[in-house]
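This report goes through a few local features of one protein chain for a reader who has not seen it before. Please keep the sequence and the structure in view while reading.

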Amino acid sequence: MTPPLAQRHLFVVGLPRSGTTLLYSFLNLHPQIKLLYEAHLLNHPLVDVAEKTGKNWWQRLDFYNGTCRRHRLTPQPSWKTVHSAKEAAEIIYHQYGGEHLYIGEKGPAYYNSMPKLAEQFPEAKIIVIWRDPQNVVSSIIEAGKKDLFFSNRSLPLRSITGFEIMQEDVLALRARGTSVHDLCFEDLVEDPETHLKAICDFLEIPFDRRMLDLDQSDCSMFPPGEIHTKARSGRVIKSTKSREAPTTPFHAKIKAYLHRSKVRFGDQLATKRYWPEAGESGPSALRLADDRLSYTLTRIFSEQFVPMVYGLVPLSWLQLYRKWRGGIFASTATSGARGSNAPATRALKVSVVTPSYKQLPWLKLCVASVADQEGVEVEHIIQDAQSGPELEDWVRQKAKAKLYVEADSGMYDAINRGFARATGDIVCWLNSDEQYLEGTLAKVVRYFEVHPEVDVLFGDALLIGNTGALLSYRRTILPKIDHVQLSHLNTLSCATFLRRSVLERGYTLDTHWRAIADAAWVVEMLKGGIPMGVLNEPLSVFTITDKNLGQSSLALTEAKRWQRQVPIPWRWLRLVFVLNHRVQKLIKGAYWPRSVTVRLYSLTSPDKRESRTVSLIGFKWPNKL
């Protein structure tokens, strides 16, 4: 009997746009393989720089390429003990891969780092996939019209030069005894089963026919946007651009480089498939030297310097840079960068959490406003702190919500308990004395579908009195760290929505705050670089009562204590931050009166929405300037 193999590492490597995603989809369908999708920890200094400067490396990595968010990796206490990129890679490989035999990563950015992979993981196996360099360059140029990353003008040259470097490295690794298997994308597309069986033989595992069921592959970790449409289709789609004629200066030099590779490497690798396309002569010595120099400089900048900056510079600065760069790209591209206006392939589910304690009359209105949301799958979780049998009987008999009754340490603890139980893609909380307006959750789902780059959404809200009278329209703008901590949180929790992956990364409410945990929570997400967006439509209703926690004396006491944590020089600038906030609100139209017509539930009409209309409603918070 053959003893079971010990868990080992596997890396899938290829040039960008060479078929690594298709091969990854095939491999991860095998019950003994589970690889990360493009975490790219090992070929740049981001983790090392972040660790040495005392920053959370996982937050930096997630802001850089969304690794934790895409794979739904929750930070663990052990993550804080990491001292190198290798340690970080091992931790998340094991956390994501679990008990699978092969764990590791698929990463095209490792095209020039295979010797480093072999050095850090000597027992690892490496699978290299090639593609006709002409089609690689064509695909990069086409993707660059739709995706910010691929719009980088150095990528075609790096791919042409990288094609030769990869061949050098594969042969050198094999000579040293490293297990490397190579195949061509074109062959995989023509006959997937034969080549997947060859890969399984290489990995010493039995072939599993489930590998061929691409419609069962998990694409949730792919970045959003149009560039992975084929990979998400659930089937093999053959390219219609094979062997195309040169169309750019890059294409013109590919034939010369193919000739050079043909002479240097002969029939030793699967790349021999491309030799019929080779030119009659290779590049001149001057051209070769110039291309190598350009390759080296652009590689150092894009693959070393930029990740180092992401590990070092304040995240707020990086957010501003991304916004600026994305705006420049969007103004010239045919569609948005790393995002698409196409809806998601699966409708997003929403989980609404309601903390409850002895507020049954208000809770009835809250529950009704969630229950009548149309066009969206909703899970309503009521986290009750032992209000008593009357509330429990009503919820179980009259409501469609899930009720959980248990003691807690306060409202924020109850919300965290509900968050932990949520199964939706989008999560939010709605207090007992708050309501959603008609169609709110469908609007929220659509926003997240259209904006896959956004993880937290803030919307506008209406303030009402005990009788349901409309008092104020609160138009929101994106919060800023200094203003929130030194003045107030300008967004309302009843109009805040987020992807569940944000919670899974550890961004839950800090329960040592009894009244301002929502403000501290938003600040932590801002510090962590969580992408945020605004939908300037009325989404919810906040009821002004004498029970509002945010207006209590406890909230004022905690806010003063929190402000004392801000360095004194920043406290001196408080008026500057407040003035800037008000100017931004003025620019966004938050201070203009507006006419509003909505339908609400009220204490006198708990079962049916009643219409409310106000002409020229103001913006002020009641009893405040």
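## Backbone angles in two loops

Q386 sits in the loop that runs between β7 (377-384) and α16 (389-398). In this predicted model, the phi of Q386 is positive, about 65 degrees, although the residue is not a glycine. Most residues other than glycine have a negative phi. Q386 has a relative accessible area of 48%, so Q386 counts as partly exposed.

A second residue of this kind is E38, which is not a glycine either and has a positive phi of about 55 degrees. E38 belongs to the loop between β2 (33-37) and α2 (46-52). Is E38 buried or exposed? With a relative accessibility of 16%, E38 is buried, because the limit for buried is under 20%.

## Salt bridges

How many salt bridges does the count come to? The count comes to 33 salt bridges. Side chains of opposite charge can pair when their charged atoms come close. One of the bridges joins the side chains of R158 and E303, at 3.1 Å from N to O. R158 is part of helix α8 (residues 155-175) and E303 is part of helix α13 (residues 285-312), so this pair ties together parts that lie 145 residues apart in sequence. R158 and E303 are both buried.

R287 is partly exposed at 36% relative accessibility, whereas D291 is buried at 2%.

## A positive patch on the surface

Which residues gather in a patch of positive charge on the surface? They are K560, R561, R564 and R571. Of these residues, K560 lies in helix α22 (residues 553-563). K560 has a relative accessibility of 55% and counts as exposed, because the limit for exposed is over 50%.

## Aromatic pairs

The count of aromatic pairs comes to 22. Among them is the pair of F11 and Y93, with 6.0 Å centre to centre and 70 degrees between the planes. This pair is edge-to-face, because planes over 60 degrees apart count as such.

Where in the chain do F11 and Y93 lie? F11 is in strand β1 (residues 8-13) and Y93 is in helix α5 (residues 85-97), 82 residues apart, and the pair links these distant parts of the chain. Both F11 and Y93 are buried. The two rings also belong to a cluster in which ring pairs link F11, Y93, Y110 and F121.

Notes. Residues numbered from 1 in each chain as written. Predicted model: local features only at pLDDT ≥ 70, side-chain atom pairs only at ≥ 80, totals over all residues. Heavy atoms only, no water. Salt bridge = Lys/Arg side-chain N within 4 Å of Asp/Glu carboxyl O. Helix = DSSP H or I, 4+ residues; strand = E, 2+ residues; numbered from the N terminus. Buried < 20%, exposed > 50% of the residue type's maximum accessible area, 1.4 Å probe, protein only. Patch = residues over 30% accessible without salt bridge, like charges linked within 9 Å, V, L, I, M, F, W, Y side chains within 5 Å. Areas by Shrake-Rupley, 256 points an atom, 1.4 Å probe, with all protein chains shown as cover. Lys, Arg positive; Asp, Glu negative; His and termini not counted. Charge placed at Lys NZ, Arg CZ, Asp CG, Glu CD. Phe/Tyr/Trp six-rings, centres within 6.5 Å; stacked < 30°, edge-to-face > 60°.
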